[in-house]
Amino acid sequence: MQTTNRKIRVLVVDDSAVARSVIIQGLSASPRIEVVGYAVNAMDAKTKLQHLSPDVMTLDVEMPGINGIDFLKQFLPSHPLPVILVSSLNLRVFDALAAGAVDFVRKPDAVESRESFLQALTHKIIVASHARLSRANLPHPAAPAAPAPAAPLRFGGDGAPEQTVIGLGASTGGTEATLNVLRRLPANIPGMVIVQHMPVGFTKMYAERLNRLCQMEVREAVNGDEIRPGLALVAPADYQAKVVRMGPRYTLSCIPGEKVSGHRPSVDVLFSSMAASVRCRMVGIIMTGMGRDGASGLLEMRKAGAYTIGQDKDSCVVYGMPMVAHDIGAVTVQASCDNIASVLMNHLNNR
């Protein structure tokens with residue numbers, strides 16, 4: 001982890017001279033960052049890493065020779081280092097996150113301007129400098145491809161589980177952490193809403209990836225979607241997501257709005273809406289991420305009677321959001337990323 005008494009040392013890895021120039025100039029404008037060097041491919045990066053010892057590395061996903069994903073798989077297990085991916089709108093970014101990258105930014109294009117790209121990259125590098133990379137949150141070559149999903153929820157005498165709404169919020173390190181939790185849950189899990197801080201365009205691909213790998217149905221939410229058992233809705237990027245009660249049913253409102261706690265969608269907005277609207281059982285889960293988004297909303301949920309789970313320090317890539325939530329009394333129980341699903345299932349089955 002980078003200390004606070006010096007600049008964050010960054011190595012830029014990209015095969016495009018134009019992209020390198022934009023990134024280096026943009027990052028050098030930050031008083032908190034020092035670009036200590038650049039590499040044009042994976043082999044060049046291996047050499048530079050040994051000599052320069054950066055705190056954070058930016059990495060292009062698509063490179064000639066060894067691509068960014070294979071490079072991460074080879075390098076990170078023996079040399080833990082926070083890596084920020086720089087990617088176009090490409091599904092392969094999630095493979096790179098699975099290989100151990102901390103976060104990613106979208107390359108400038110018709111949607112993402114150069115200014116917003118550099119702002120996002122600078123912010124994510126500063127966050128990544130606080131990342132804790134350990135065996136608990138880095139992939140391991142010998143690890144099984146997927147954990148066995150939990151047994152289905154036990155039903156009561158009337159054959160139906162008690163109505164429940166589950167909200168889950170995460171940021172830096174959360175794409176893989178959330179997948180780790182969802183893969184351990186059964187197909188008949190109560191309706192879930194997920195807020196994961198992510199650039200525009202990627203939430204749909206992320207939901208599709210979760211849908212392929214998990215037992216329940218997962219998809220990107222659209223305004224008015226009903227929250228129902230067996231379905232997990234991923235809040236779309238650049239919209240605020242709120243749970244709305246319509247008689248005995250619950251739907252999700254996804255509309256434009258101001259950023260809250262620095263984010264859109266905001267975990268605080270989701271959790272606060274659940275505290276105000278949900279009249280059945282509810283559960284709030286807050287996971288890895290920098291800052292405090294979701295902490296205040298989770299406290300509202302707990303005061304409204306919700307069962308709340310916070311990811312523990314050792315399994316977080318960045319112990320920020322769950323730490324603040326715990327410190328203000330918003331968390332009923334803390335659990336490791338690997339154990340959150342079982343803690344949730346035990347609560348749901350012991351009603």
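**View 1. Contacts across the whole chain.** Among contacts (heavy atoms within 4.5 Å) in the protein chain between residues at least 6 apart in sequence, 73% link residues at least 24 apart. The chain has 11 helices and 15 strands; helices (H or I, at least four residues) and strands (E, at least two) are DSSP runs, numbered from the N terminus. Of the 351 residues, 55% are buried, where buried means under 20% relative accessible area, exposed over 50% and partly exposed in between, with a 1.4 Å probe and protein chains only.

This is a predicted model, in which local features need pLDDT of at least 70, side-chain atom pairs count only at pLDDT 80 or more, and totals for chains, interfaces and linings use all residues. Residues are numbered from 1 along each chain as its sequence is written, and side-chain values use heavy atoms, leaving out hydrogens and water.

**View 2. The largest nonpolar core.** Meet a set of 60 residues, in which L85 and L182 have the most contacts. A nonpolar core joins buried Ala, Val, Leu, Ile, Met, Phe, Trp, Tyr and Cys residues through side-chain atoms within 4.5 Å. Helix α11 (residues 340–349) gives the most to this core, with 6 residues. Leaving aside residues up to four places away in sequence, L182 touches L168, M192, I194, L210, C214, M216, V218 and A232.

**View 3. A loop glycine, G291.** Look for G291 in the loop between β13 (281–286) and α9 (295–303). G291 is partly exposed, at 37% relative accessible area. Beyond residues up to four places away in sequence, G291 touches G320, M321 and V324. From G291 to Y319 the C-alpha to C-alpha distance is 8.8 Å, although they are 28 residues apart in sequence.
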